[in-house]
Amino acid sequence: MDNFVSVKNTSKNIEVILPSEEIFKRKLLDVLGDEYLIIKSQYKYCSIDFCIINKWNLKILHLEHKQRNCHKNRYPSTIINYSKLMSYKRNYNNTILIWSYETDAVKYLVYSEDLLKYETSYCKNQDVIFIKNETLLDGFDSLIATIQLKLK
């Protein structure tokens with residue numbers, strides 16, 4: 001096992017989670033409390049990182065978490081793989097895309113099919129889209145409120 005990945009053996013299942021994902025998951029659980037269950041995807045190449053389930057009404061929300069090792073305003077936009085967006089359209093229609101930054105800042109965006117209309121670019125042999133920072137919503141408290149509203 002290397003320093004970059006935590007492996008938890010939970011009976012039959014093995015959960016592989018990056019340190020940044022573990023920190024983010026714990027932070028969410030600390031605020032959301034016991035009425036929500038957060039499950040980490042176990043497939044390394046899954047298009048989403050987490051599934052949050054409201055235990056009372058069984059509503060489900062998917063989260064894609066990206067860690068950025070820079071200040072949130074360093075670049076005028078952020079990037080996401082176009083194939084992930086297509087996966088959200090096909091499989092995960094209730095998804096929030098989240099970017100965490102080195103200063104504990106959080107920006108996020110609720111997935112909509114409008115993202116598929118953005119102009120695509122080519123970067124590192126992949127089709128990507130650039131999302132302008134002013135399009136993203138800002139703040140961890142605002143993210144929590146959005147999660148709770150979508151799972152109400």
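This is a predicted model: local features need pLDDT of at least 70, side-chain atom pairs count only at pLDDT 80 or more; totals for chains, interfaces and linings use all residues.
Strand 9 and strand 10 (residues 126-132) run antiparallel and are joined by four bridges.

**The loop between strand 9 and strand 10**
- Asn125 sits in the loop that lies between strand 9 and strand 10.
- For a backbone check, note that Asn125 has a positive phi, near 65 degrees, although Asn125 is a residue other than glycine.
- Asn125 counts as exposed because its relative accessible area is 66%, and the cut-off for exposed is over 50%.

**The protein as a whole**
- The protein has three helices and 11 strands.
- Along the sequence, these elements follow the pattern β-β-α-β-β-β-β-α-β-β-β-β-β-α.
- Of the 152 residues in the protein, 41% are buried.
- Among contacts with a separation of 6 or more, 57% are between residues 24 or more positions apart.
- The accessible surface comes to about 9,300 Å², and carbon and sulfur atoms account for 52% of this surface.

**The second largest pocket**
- If you are thinking about grids, the second largest pocket has a volume of about 280 Å³.
- Its lining consists of Lys66, Arg68, Ile79, Ile80, Asn81, Lys84, Cys123, Lys124, Gln126 and Val128.
- Strand 5, strand 6 and strand 10 each supply at least two residues of this lining.
- Strand 6 gives the largest share of the lining, with three residues.

- His62 is found in strand 5 (residues 60-68).
- With a relative accessibility of 14%, His62 counts as buried, because the cut-off for buried is under 20%.
- Setting aside residues up to four places away in sequence, His62 touches Ile48, Phe50, Cys51, Tyr92, Asn94, Thr95 and Ile96.
- Leu58 lies in the loop between strand 4 (50-54) and strand 5.
- Leu58 is not a glycine, yet Leu58 has a positive phi of about 60 degrees.
- Leu58 is exposed, since its relative accessible area of 59% is over the 50% cut-off.

**Val110 in strand 8**
- Val110 has its place in strand 8 (residues 106-110).
- The relative accessible area of Val110 is 27%, so Val110 is partly exposed, falling between the 20% and 50% cut-offs.
- Beyond its neighbours within four places in sequence, Val110 is in contact with Thr95, Ile96, Thr146 and Lys150.
- Val110 and Leu143 are 33 residues apart along the chain, and their C-alpha atoms are separated by 9.7 Å.

Terms used. Residues are numbered from 1 along each chain as its sequence is written. Side-chain values use heavy atoms; hydrogens and water are left out. Two strands pair if DSSP finds at least two bridges between them. Buried means under 20% relative accessible area, exposed over 50%, partly exposed in between (1.4 Å probe, protein chains only). Contact means heavy atoms within 4.5 Å. Accessible areas come from the Shrake-Rupley method with a 1.4 Å probe; for residues, only the protein chains shown count as cover. On a 1 Å grid over the protein atoms alone, a cavity is a set of points where a 1.4 Å probe fits but cannot get out, and a pocket is an open set with protein on both sides within 12 Å along at least five of seven lines; lining residues have an atom within 4 Å of a point. Grid points are joined across faces, edges and corners, and a volume is the space filled by probe spheres set on the points.
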